[in-house]
Amino acid sequence: MKHSLLFSIPALLLASRAFAVIPPVIYGEDNRMEVYAATPKLQKLASAAASMIHQKEITPSAVAGLSVLTQRTLKDWLAAPQEEGFTAAPVMSKIHADVDVEDDGLSFCASERFIDQPNPGMCSGFLIGPDLLITAGHCVELENFCKDYKWVFDFKVDEATQTAGLDIKNENIYSCKRVINSALDMNLGMDFGLIQLDRDVSGREPVEIRSDNRVSDMQELVVIGGPSGLPIKIAGGANVRKSVHPFYFSANLDTFQGNSGSAVFNAQTGEVEGILVRGEDDFEMNRSLMCVQAKKCTT
């Protein structure tokens, strides 16, 4: 699926109002890939990506210095979306209206990717300074944002074991100290949150933000974040579709609701061009197979 609307980074300033956020969809081929399958350049950029996870989804490991993330999968979520106490990403809140999430036996289509992976993430973010992180403004608006949510780096699939979230280093888990600035205004097209973490982030470099001029028409793009609350994915093969508004531009990126707050990079320079904030519905019903699938759009 793809998030298609991106807040342009150079506009990080204004005050806020609330607006409805619509997540993304798949354009053409599904270009999402695991971090380990990407180039060294993209893997380095992915090291600055963080997943926003409720503290209830994080438990101490039996091994000192490690924590374990909830292993409930995307498939489990669809099977029991109303389960009491379940705080993982509300991935199905933006499915097409013809899908009844309370239908008994509702399941993903066999061709759907990543449905057996854990999805404890709520939003995505990226490091821009030693203790500074950017996410989407509508993520910052969540109740008890700084109190209840942690920011987890290196939540990604291990190539050897094909698991994720079983051995997160405690040093890679950070709390939100304060929200420095945020905006959520549909009229202006503003949707960002700049937060300070509880300490400097070690072992990874902040990303570079391009601040001169606007993104070029048809610029090639890459997005890095946690679609549907899943482990971090990298998705390229996308381009700018329209760039006329002063604060945002649209693109055909393969993203989902948990991608909100993801960094969108210039594929050539590796600089951040925008923050992923909204797009099409994530999922729709395949009536011929009677199963749920990622919504697909033409490129």
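This dialogue works through several features of a predicted model and how each of them is read.

Biologist: What should I keep in mind about the model and its numbering?

Modeller: The model is predicted, and local features need pLDDT of at least 70, side-chain atom pairs count only at pLDDT 80 or more, while totals for chains, interfaces and linings use all residues. Residues are numbered from 1 along each chain as its sequence is written, and side-chain values use heavy atoms, with hydrogens and water left out.

Biologist: How many aromatic pairs does a search of the whole structure find?

Modeller: A pair of aromatic rings is described by the distance of the centres and the angle of the planes. Rings of Phe, Tyr and Trp (its six-membered ring) pair if their centres lie within 6.5 Å, and planes under 30 degrees apart count as stacked, over 60 as edge-to-face and the rest as tilted. The search of the whole structure finds two such pairs. In one of them, Phe145 and Trp151 are edge-to-face, with 6.4 Å from centre to centre and 70° between the planes. The rings of Phe153 and Tyr174 have centres 5.6 Å apart and planes at 90°, so this pair is also edge-to-face.

Biologist: Which strands hold Phe153 and Tyr174?

Modeller: Strands (E, at least two residues) are DSSP runs, numbered from the N terminus. Phe153 lies in strand β9 (residues 149-153) and Tyr174 in strand β11 (residues 173-185), so the pair ties together parts that are 21 residues apart in sequence.

Biologist: Are Phe153 and Tyr174 buried or exposed?

Modeller: Buried means under 20% relative accessible area, exposed over 50%, and partly exposed in between (1.4 Å probe, protein chains only). Phe153 and Tyr174 are both buried, and both Phe145 and Trp151 are buried as well.

Biologist: Which charged end sits over the ring of Tyr174?

Modeller: A charge sits over a ring if NZ of Lys or CZ of Arg is within 6 Å of the ring centre and within 35 degrees of the ring normal. The charged end of Arg199 sits over the ring of Tyr174, 3.9 Å from its centre, and the charged end of Lys233 sits over the ring of Phe114, 4.8 Å from its centre.

Biologist: Where is Lys233 placed, and what does its side chain join?

Modeller: Lys233 belongs to strand β14, and with a relative accessible area of 2% it is buried. Its side chain is joined to that of Glu34 by a polar contact of 3.2 Å; such a contact is a pair of N or O atoms within 3.5 Å, where within protein one must be able to donate a hydrogen and the other to accept it, and residues adjacent in sequence count only if both atoms are side-chain atoms.

Biologist: Why is β12 described as largely enclosed?

Modeller: In a regular strand the side chains alternate between the two faces of the sheet. Eight of the eight residues of β12 are buried, so the strand is largely enclosed by the rest of the structure. Met190, Phe192, Leu194 and Gln196 are buried on one side, and Asp191, Gly193, Ile195 and Leu197 on the other.

Biologist: Which strands are joined to β12 by bridges?

Modeller: Two strands pair if DSSP finds at least two bridges between them. Strand β8 (residues 132-135) is joined to β12 by four bridges and runs antiparallel to it, with Leu133 opposite Ile195. Eight bridges join β11 to β12, again antiparallel, and here Ser182 stands opposite Gly193. The hairpin of β11 and β12 has four residues between the strands, and in it Gly189 takes a positive phi near 80°.

Biologist: Where is Ser243, and which side chain does its own side chain contact?

Modeller: Ser243 is in the loop between β14 and β15, and at 14% relative accessibility it counts as buried. Its side chain makes a polar contact of 2.9 Å with the side chain of Arg214.
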